[in-house]
Amino acid sequence: MEITFLGTSSGVPTRARNVSSVALRLPQKAEVWLFDCGEGTQHQLLRSEIKSSQIRRIFVTHMHGDHIFGLMGAIASSGLAGNAQKIDVYGPAGLAEYLQACAKYSYMRLGSRLRVHTVQPGLVYEEAEFSVHCQLLKHRVPAYGYRVIEKDRPGRFDIEKAQALNIPPGPIYGKLKQGATVTLENGRIINGKELCGEPEIGRKVVYCTDTVFCDAAVDLAHDADVLIHEATFAHQDAEMAFERLHSTSTMAAQVALLAGVKQLIMTHFSPRYAPGNNLQLSDLKQEARAIFPNTKLAYDFFAYQVPRRR
Ligand SMILES: [Zn+2]
Ligand SMILES: [Zn+2]
């Protein structure tokens with residue numbers, strides 16, 4: 001699992017930072033999932049190590065332009081590249097109508113390649129290896145945070161031990177490998193877990209933007225390996241954060257601390273903290289680290305490999 005930040009500025013792009021988009025690479029599936037797709041995301045993809053032909057799912061937090069204006073371009077380009085892969089897009093109410101209207105008036109045929117799903121708090125998507133859940137955050141328009149869960153995997157199967165127990169080979173081994181308990185033909189009961197090593201704990205990646213501090217973010221981020229949380233403002237500008245329903249660096253750090261996450265990565269920075277301002281992004285980092293030391297600041301093309309728990 002590798003996270004790549006494709007845009008880390010809030011509202012408008014700057015020379016160094018594009019607007020919001022995060023790519024999650026799932027090498028075991030050769031798939032990329034995008035979270036938000038601000039304007040220019042397809043250009044950022046071209047400049048990154050990510051293959052846009054691998055984009056399989058796009059999760060949209062909310063309908064503000066800095067999170068969605070890149071969708072049509074990215075979707076259209078992936079079609080032009082002769083990529084026959086389907087894309088599933090998930091997001092709040094209004095997203096499907098927005099995409100349909102854009103396609104209609106630009107004479108673009110979305111066909112059956114694109115499926116749009118309106119999300120509700122709770123389970124958004126599930127498959128054998130992963131599930132995705134969302135929660136409503138606290139922003140000026142409905143905004144969802146997402147939690148990606150890699151399912152736990154049973155540990156290594158001890159085939160020698162299974163053979164020593166005279167378990168006849170066959171499909172039964174597949175069940176035992178999954179840690180299931182099976183009954184053999186002769187009535188013997190075998191617990192697969194006893195033939196497997198320590199299970200591999202799945203990783204959890206949580207993405208919370210845009211939002212002011214809220215309990216829903218803390219819930220969603222519980223025990224995450226990585227929390228990506230917006231930090232539009234410095235602590236000193238908290239008044240603006242409350243007014244516009246965005247977070248300060250200290251709010252992001254408090255969510256990380258209360259949720260007991262392993263790593264906080266802050267993003268969605270206001271362009272105001274550019275060189276020349278008396279507050280800089282390094283100050284936001286310091287403010288957050290005073291509360292939650294394991295904090296990093298995202299920058300465009302920053303890639304983070306999510307470590308496994310051992
Ligand atoms: Zn935003
Ligand atoms: Zn917003």
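The structure is a predicted model, in which local features need pLDDT of at least 70, side-chain atom pairs count only at pLDDT 80 or more, and totals for chains, interfaces and linings use all residues. Residues are numbered from 1 along each chain as its sequence is written, and chains are lettered from A and ligands numbered from 1 in the order in which they are written.

**Overall layout**

The C-alpha atoms of the protein chain fill a box of roughly 75 × 50 × 35 Å along the principal axes. The chain is divided into domain 1 (2–153 + 200–305) and domain 2 (159–195), with bounds from an automatic or database domain assignment. Taken over C-alpha atoms, the centres of domain 1 and domain 2 are 43 Å apart. The chain has ten helices and 16 strands; these are DSSP runs, with helices being H or I of at least four residues and strands E of at least two, numbered from the N terminus. Of the 310 residues, 42% are buried, where buried means that 20 or more other C-beta atoms, placed from the backbone, lie within 10 Å of the residue's own.

**The seven-stranded sheet**

An open sheet of mixed pairing has the strand order β7-β8-β9-β12-β13-β14-β15. Two strands pair if DSSP finds at least two bridges between them. At the edges lie β7 (122–126) and β15 (295–297), each pairing on one side only.

| Strands | Sense | Bridges | A bridge pair |
|---|---|---|---|
| β7 and β8 | antiparallel | four bridges | L123 and H133 |
| β12 and β13 | parallel | four bridges | V205 and V226 |

Between β12 and β13 the chain passes through helix α7 (residues 215–220) in a right-handed β-α-β crossover: with the strands pointing away from the viewer, the path from the first strand over the helix to the second runs clockwise.

Why is strand β13 largely enclosed by the rest of the structure? Five of the five residues of β13 (residues 226–230) are buried, so the strand is largely enclosed. V226, I228 and E230 point one way from β13, while L227 and H229 point the other way.

**Two helices**

The axes of helix α9 (residues 249–259) and helix α10 (residues 281–291) come within 8 Å and cross at roughly 30 degrees. Axes are lines fitted to C-alpha atoms, for helices over the stretch in contact, and angles run from 0 to 180 degrees between N-to-C directions. Helices α9 and α10 are therefore roughly parallel to each other, a term for angles under 35 degrees. The crossing of α9 and α10 is right-handed, with the near helix turned clockwise from the far one by less than a right angle.

How values were computed:
Buried ≥ 20, exposed ≤ 12 C-beta atoms within 10 Å, placed from the backbone. Parallel < 35°, antiparallel > 145°, perpendicular 65-115°, else oblique.
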